[in-house]
Protein chains: 2
Amino acid sequence: MIGVAILGHGVVGSGVAELLMKNEKKIAFSVGQPLYLKRILDLRDFDVPYADRFTKNFEDILKDPDIRVCAEVMGGVHPAYEFSKQLLAAGISVVTSNKELVAYKGAELLALAREHGVNYYFEASVGGGVPLIHPIYRCLAANHVEEIAGILNGTTNYILTKMLGEGVSFEEALANAQKLGYAEKDPTADVEGHDACRKICILAALAYGKHVYPESVFTEGITKITEADAQYAKSCGRVLKLIGRVKRLENGKLLCMVSPAMVNQQSQLANIQDVFNGILVRGDATGDVLFYGKGAGKMPTASAVVADMMDAALYPQNCPSLYWEDDGVDHVENHLETTSAYYLRVQGEHAEKELSEIFGSVSVLHREDALPDETAVLVDPMRERDFQNRLEELRERHLSVLGQIRLLDY
Amino acid sequence: MIGVAILGHGVVGSGVAELLMKNEKKIAFSVGQPLYLKRILDLRDFDVPYADRFTKNFEDILKDPDIRVCAEVMGGVHPAYEFSKQLLAAGISVVTSNKELVAYKGAELLALAREHGVNYYFEASVGGGVPLIHPIYRCLAANHVEEIAGILNGTTNYILTKMLGEGVSFEEALANAQKLGYAEKDPTADVEGHDACRKICILAALAYGKHVYPESVFTEGITKITEADAQYAKSCGRVLKLIGRVKRLENGKLLCMVSPAMVNQQSQLANIQDVFNGILVRGDATGDVLFYGKGAGKMPTASAVVADMMDAALYPQNCPSLYWEDDGVDHVENHLETTSAYYLRVQGEHAEKELSEIFGSVSVLHREDALPDETAVLVDPMRERDFQNRLEELRERHLSVLGQIRLLDY
């Protein structure tokens, strides 16, 4: 029997407790011995059948020699960071769903885990219940990862699905998402792309071995997307998605960004609907592999946390393949130096002529109910700095830029 | 440094050798030490840079104390079975891509691995390079698997994609598949569903803990599918796929079968095109998770084999969660006792009236270029035995049954 503990009895924490008890036998079979939930840290009181296991004192977990694995599902950097450090230093493996903590302190916590011969696992931090982290560092471990691109945030995917599929406005779709519990009251972290940014940072570090801080990743949310853009996307066989992606460029730096993108309707990413997540991993041997499922929610996330707890219990020694370092260097290429094809929507007289003069050959798109003097086009791939300079030229010619969205081919 | 060996230097075996050498550093990083390919067993001679490592004598591998992990990629049951047994009994972990062997001898080989404290891994046996087996017994290990349904054979999916998407005939699509190297000269195992059957047997055993023999699984291939069926599928918003599936029924038995099915266009399975595989796993905590990628091919399969070799090298002790037993009981429910909705295509006078009389309410489908007196309908779910009995009644009323395909909702 292996003692385990949970830090935080919120949505995920209570799901972890529930799952450990509900599927106790299956878990014992898989680990070869039972996992015993000995302690739960929370400052609140709960009226649950396992109320006797609660403590308000972190030392009760840290100092308990029975506890070999601890799930940190508090969220936020503090005090989760301090608790995790103390646990790892005490030789207790830590598993977490805390993407913010991993995105900021992952390298340090992984080093600490290695130093003390235990593990720091975080399957639930990206893709919720979808197996993703473990498959990358274990099942695809014989591959060099060439590229990762994914729909990493269910809330924004729900909003875009509604906008594109049912023609509702961003505001209405967001209100629906809030009503259904998919979006927080303050939806900033989701709709501005910060949540997806933390997740792509984790995947980038995992795939390329160097810590990537959210601040160095160009991040654009979906707040500027309009129904008009959605209509134009449809008109050219594309679908609007918020894509987080990372790949290694020829100069050794990483292209790493979060932004709306128009992807081909045939793409596997185009078919990820509603609150689902889908993450494409391109390996040099295996080609494209896609992982799909619920990226959030109490039980899916608990499923990933408990699987990590089981893994840490089964193989207590440090896993060498789950590791990256923070070498103090920013490995992310300035987004202005990267290349992309674009969708562009402008308003003004003689726009088509001006666009052709400035961008060379463009494909003109059409929609019903276009605004007066509205023109939308697709432009060929170019360096983003050049693209932005040409937008400046457009503005000098008295055209207003109503929308600009990258085109991606997956 | 850990010594490894390969049995068989065919397509997969040469891919494994290539990958072990090409991604040597990445592999050493992930395992914490290098894997050294010491021996390759093959009766043929090869002109390759590593020709000095070949042997024609199995004992050279079995008796080599340096070799801790061996990849069996010979295919076929014999002598792969005898070699695997000897290796496991000698304390050498075995990893394989050999679905036939796992489908017939999996329980015995897993028991032998457990007895000798080593591992028998077979990630590459289902889904080729797609991480699937490992995610099920590790990442979803906290879940009870409720159901698995998948496109498990790339060749037949390619043929169906061409028939449905481009309106080509079965024969033409098969000829194309053979030209592209997707289908063997003798395509029986693919088109009759035997390949998919072996794979669903492996997944069934993995998910439910009991060995399932291919003989007890109702298996129907795609040879009876016509362009007419494909057109009718399209007309009702469905897509024709060859689906292998397993779920536990309320009576404790397993529904396990391979058959063509019409799935909803919105389904994730409907969007799996060409030679790709897609496997949906429904867990009680995590909900639907889908794994997608190349289900065959030299390097994708090698990627899965090498990942298993790395896992076996990293954690030599037997993994308790990868296990099932052969208790001599046939756990598969007779397919005639299972329930399904159906698409049905008949020919004869007054068919619509006769169909309504026999099946109750039916939805009539339409297509251009229908045969004279052809009628196609969708009928409500019923026990398969009842369905077959009613087909008998139809025949007694002088209607010929041209096609019958299950409807599945995923």
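The legends below describe close-up views of a predicted two-chain model.

Residues are numbered from 1 along each chain as its sequence is written, and chains are lettered from A, and ligands numbered from 1, in the order in which they are written. In this predicted model, local features need pLDDT of at least 70 and side-chain atom pairs count only at pLDDT 80 or more, while totals for chains, interfaces and linings use all residues.

**View 1. Confidence of the model.** The scores are ipTM 0.96 and pTM 0.96. Chain A has a mean pLDDT of 96, with 100% of its residues at 70 or more; pLDDT is the predictor's confidence in each residue, from 0 to 100.

**View 2. The side of chain B that touches chain A.** Here 45 residues of chain B are in contact with 45 residues of chain A (contact: C-beta atoms, placed from the backbone, within 7 Å). At least two residues of this side come from each of α2 (24-31), α6 (133-139), β12 (287-294) and α12 (298-314) of chain B. Helices (H or I, at least four residues) and strands (E, at least two) are DSSP runs, numbered from the N terminus. By class, the side of chain B comprises 24 nonpolar, 15 polar and 6 charged residues (nonpolar: Ala, Val, Leu, Ile, Met, Phe, Trp, Tyr, Cys and Pro; charged: Asp, Glu, Lys and Arg; polar: the others, Gly among them).

**View 3. Strand pairing between the chains.** β12 (residues 287-294) of chain A pairs with β12(B) in the antiparallel sense over 4 bridges; strands pair if DSSP finds at least two bridges between them. A:Y292 has B:L290 as its bridge partner in β12(B).

**View 4. Helices α4 and α5 of chain B.** α4 (residues 80-89) and α5 (residues 99-115) of chain B pack at about 15°, with axes 10 Å apart. Axes are lines fitted to C-alpha atoms, for helices over the stretch in contact, and angles run from 0 to 180 degrees between N-to-C directions. α4(B) and α5(B) are therefore roughly parallel (angles under 35 degrees). Among the residues that meet are B:Y81 and B:L88 in α4(B), and B:L101 and B:L109 in α5(B). The contact of α4(B) with α5(B) divides into 8 nonpolar, 1 polar and 2 charged residues.

**View 5. The open sheet of chain A.** In chain A, 6 strands in the order β3-β2-β1-β4-β5-β6 form an open sheet with parallel pairing. β3 (54-55) and β6 (120-121) of chain A are at the edges with a single partner strand each, so one side of each lacks a neighbour in the sheet. β2 (residues 35-41) of chain A pairs with β3(A) over 2 bridges, and A:L41 stands opposite A:T55 in β3(A).

Methods: Parallel < 35°, antiparallel > 145°, perpendicular 65-115°, else oblique.
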